[in-house]
Amino acid sequence: MDTKAKRVLRTIQGCVASGRYLVLAHFIQRMDSRGLFWPDIQAVIDSPEAVEDNGLDKFGRAKWRLRGRTQDRLELGIICVMDRDQAGNLTVFITVYWD
């Protein structure tokens with residue numbers, strides 16, 4: 001993981017820890033359809049195997065892919081974008097999928 005990816009991961013982890021994140025309806029639908037729960041997502045955020053630049057979303061925000069495993073060893077991919085509002089950093093969770 002390069003320096004930029006490590007910085008983004010720390011930002012995502014900080015956003016989650018401080019409640020500065022938004023989970024889109026699509027993300028929740030994908031969790032439900034795959035039988036996933038927030039601890040599964042948290043496991044990947046806490047200890048990802050990879051954090052990869054995934055370009056920009058349609059609004060020009062930096063999009064990132066986290067890949068890792070749940071505590072049950074299921075391989076997941078998480079797509080999120082980095083945003084900012086008046087209060088600071090905000091992570092927006094877009095989708096989750098089997099990796």
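**View 1. How much of the chain is tucked away.** Buried residues make up 37% of the 99 residues in the protein chain. Keep in mind that this is a predicted model.

**View 2. The run of helices and strands.** Here you can pick out three helices and five strands. Walking from the N terminus, the order is α-β-α-α-β-β-β-β. The radius of gyration is 13 Å, close to the 13 Å that the globule rule gives for 99 residues, so the chain is as compact as a globular protein of that length. If you box up the C-alpha atoms along the principal axes, you get roughly 35 × 30 × 25 Å.

**View 3. Contacts across the sequence.** Take the contacts in the protein chain with a separation of 6 or more: 46% of them join residues 24 or more positions apart.

**View 4. Where the charges sit.** The chain carries 15 positive and 13 negative charges.

View 5. A disulfide needs the sulfur atoms within 2.5 Å, and the disulfide count comes to zero. C15 counts as buried because its relative accessibility is 3%. C80 is buried too, with a relative accessible area of 0%.

Technical notes. Residues are numbered from 1 along each chain as its sequence is written. This is a predicted model: local features need pLDDT of at least 70, side-chain atom pairs count only at pLDDT 80 or more; totals for chains, interfaces and linings use all residues. Side-chain values use heavy atoms; hydrogens and water are left out. Helices (H or I, at least four residues) and strands (E, at least two) are DSSP runs, numbered from the N terminus. The radius of gyration is taken over C-alpha atoms; the globule rule is 2.2 Å times the number of residues to the power 0.38. Buried means under 20% relative accessible area, exposed over 50%, partly exposed in between (1.4 Å probe, protein chains only). Contact means heavy atoms within 4.5 Å. Lys and Arg count as positive and Asp and Glu as negative; His and the chain ends are not counted. The place of a charge is taken as NZ of Lys, CZ of Arg, CG of Asp or CD of Glu.
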